Amino acid sequence: MLTFIQSIGASVIGFVRELGKIGCFLLTALFYVFTPPFLLNRVTRQIHFLGVKTILVVVLTGLFTGMVLTLQSYYVLVTFGAEARLGSILSLSLIREIGPVLTGLMVVGRAGSALTAEIGIMRISEQIDALDAMALNPHKYLVIPNILASLIVFPILTSFFIVAGIWGGYLVAVQLTGMAPGVFFGAMSDSILLNDLLLGFYKALSFGVLVTWICCYKGFFAGVGSGFGAQGVSKATTDAVVLSSVLILVCDYFITSVMIFG
Amino acid sequence: MIEIVDLHKKFGTNAVLRGVNLKVAKGETFALIGASGKGKSVLIKHMIGLMKPDQGQVKIDGQDIGRLHGKKLVQLKNRIGIVFQFGALFDSLSVFDNVAFPLQEKTRLGAKQINDKVLAALDNVGLKGEEEKFPAQISGGMRKRVAVARCLVMDPEIILFDEPTTGLDPVIANSIYSTIQKLQRERNLTSFIISHEIPGIFKIVDRAAMLHDGRIIQVGTSDEIQNSTVPIVQKFLKGEIE
């Protein structure tokens, strides 16, 4: 019985310690954001890595999400004779929820996992130690450029997702079901408010920081508590993807709660 | 110049260093020998500030590296270079860019000056003409020599070598030993070498010490260590302990 309680206690202490470490990791990174040197060329490179290389995936996902959402919604709305609200439902869903969330998940899958693996390999092959030994701050080289890049990349990718989704919705609603373009787009312009756009924008920013923070953290400490060598990097990458994806959904709920009812 | 005082380090319940005391003089080539997994690499990581001791000090010219922060720590680290066991080269950069990296990031030298310094450093370690290759395209011995060149471009006063010849064939090992000797002669560098390459390492060092069970068992000249009467040292030299 005592062993059981001890193991629960150890797990709780381990969990709290890990939370503290993750928090300190972000605070350290944020502290160094404001101290020179400012490595703008590295931020640019990470914008390319996180953003430019993810555009195709995000646009394709957005397009088909918009298409299927419109198709499903149309056949429900038409039974109530409310198909004129299709554009409104589609655009609000994409802007407020689906756009930021699915963009975040796509970036986690495409770039977040690669980020963790890259930093993890640098950790186990002592490349991070080499930076440190040269008196170069590893946070400035490996973490901050990703966080800053994410602040630029996530809102832009999210907007690409939303535009592609609306275009997909247009193809299905107007070209397939024969709805008048004016009805489709008119419902959108009537229902979208500034607060809806801000909600999507804040979510995109939050998910950007969240994804790069977790993925960099997991890579940075690969091999520490996750096994060593290739296995350690593999576990760190899996943990980063799972944790980032779950936290995106958890944060999505809380941001929505605060913005709508806060 | 380097003074290690009563250094202790534990990982969980495993006490790796249990009161290490050692002095290395300026310009000296010093070897730390000992079996694998006995804390030699942990010790060297304390010497460059990559690890903090649980107790004790590592002093470089009287400055305790474990207690330094900010600019003072950077200034001290700038005087020390380290060659990691597997080179720790940046695998996404070419040989040239690896060697140029500290110059680009830490100095205000122009492209021409950086180019000259990098080529000179690569020439110094016998790697002229290999600039465009990537770490994955060169041998283990070449990787270690690139790591030496990366250290040299910053003109350090002290170089720490973590097992510079482990896993290399005797010809390559000898070329690395020659490089270390040449550096000592030309630049009066202080070299601290971790090794379990016996007896090859004794050819190039002034003094050596043996680390066993977290403590220094014996310190002496190469001859004194090779003719040691301490049973553990004798056993290690005969290859009876790993």
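The questions and answers below concern a predicted model.

User: What percentage of the residues in chain A is buried?
Analyst: A residue counts as buried if 20 or more other C-beta atoms lie within 10 Å of its own. The C-alpha trace of chain A spans about 65 × 55 × 35 Å along its principal axes. Of the 262 residues in chain A, the buried share is 42%.

User: Which helix gives the largest share of the side of chain B that touches chain A?
Analyst: The contact takes 12 residues from chain B and 10 residues from chain A. On the side of chain B, the elements that give two or more residues are helix H2 (70-78) and H3. By class, this side of chain B has 9 nonpolar, 1 polar and 2 charged residues. The largest share, 3 residues, comes from H2(B).

User: Which strands stand at the edges of the open sheet of 4 strands in chain B?
Analyst: The order of the strands in this sheet of chain B is E2-E1-E4-E5, and the pairing is antiparallel. A strand at the edge has a single partner strand, so one side of it is left without a neighbour in the sheet. In chain B the strands placed in this way are E2 (14-24) and E5 (63-64).

User: What angle does the direction of helix H1 of chain B make with that of E2(B)?
Analyst: Helix H1 (residues 40-47) of chain B packs on the sheet. There H1 touches E1, E2 and strand E4 (55-60) of chain B. The angle between the direction of H1 and that of E2(B) is about 60 degrees.

User: Is strand E3 of chain B largely enclosed or left open by the rest of the structure?
Analyst: Strand E3 (residues 29-33) of chain B is joined by 5 bridges to strand E8 (residues 190-195) of chain B, and the two run parallel. E3(B) also pairs in the parallel sense with strand E9 (residues 207-212) of chain B, over 4 bridges. Because 4 of the 5 residues of E3(B) are buried, the strand is largely enclosed.

User: Which residue in E9(B) is the bridge partner of Leu32(B)?
Analyst: Two residues of these pairings can be followed across the bridges. Ala31(B) stands opposite Ile193(B) in E8(B). For Leu32(B), the bridge partner in E9(B) is Ala209(B).

User: Are helices H3 and H5 of chain B roughly parallel or antiparallel to each other?
Analyst: Helix H3 (residues 95-106) of chain B and H5(B) pack with their axes 8 Å apart, at an angle of about 30 degrees. The contact is made by Val95(B), Asn98(B), Val99(B) and Pro102(B) of H3(B) and by Val146(B), Ala149(B) and Arg150(B) of H5(B). These residues divide into 5 nonpolar, 1 polar and 1 charged. Given their angle, H3(B) and H5(B) are therefore roughly parallel.

User: Is Gly140(B) buried, exposed or partly exposed?
Analyst: Gly140(B) lies in helix H5 (residues 140-152) of chain B. Leaving aside neighbours within four places in sequence, Gly140(B) is in contact with Gly167(B) and Leu168(B). Because Gly140(B) has 15 C-beta neighbours inside 10 Å, this residue counts as partly exposed.

Notes:
Residues numbered from 1 in each chain as written. Chains lettered and ligands numbered in written order. Predicted model: local features only at pLDDT ≥ 70, side-chain atom pairs only at ≥ 80, totals over all residues. Buried ≥ 20, exposed ≤ 12 C-beta atoms within 10 Å, placed from the backbone. Contact = placed C-beta atoms within 7 Å. Axes fitted to C-alpha atoms, helices over the stretch in contact; angles between N-to-C directions. Parallel < 35°, antiparallel > 145°, perpendicular 65-115°, else oblique. Nonpolar A, V, L, I, M, F, W, Y, C, P; charged D, E, K, R; others polar. Pairing = 2+ DSSP bridges.
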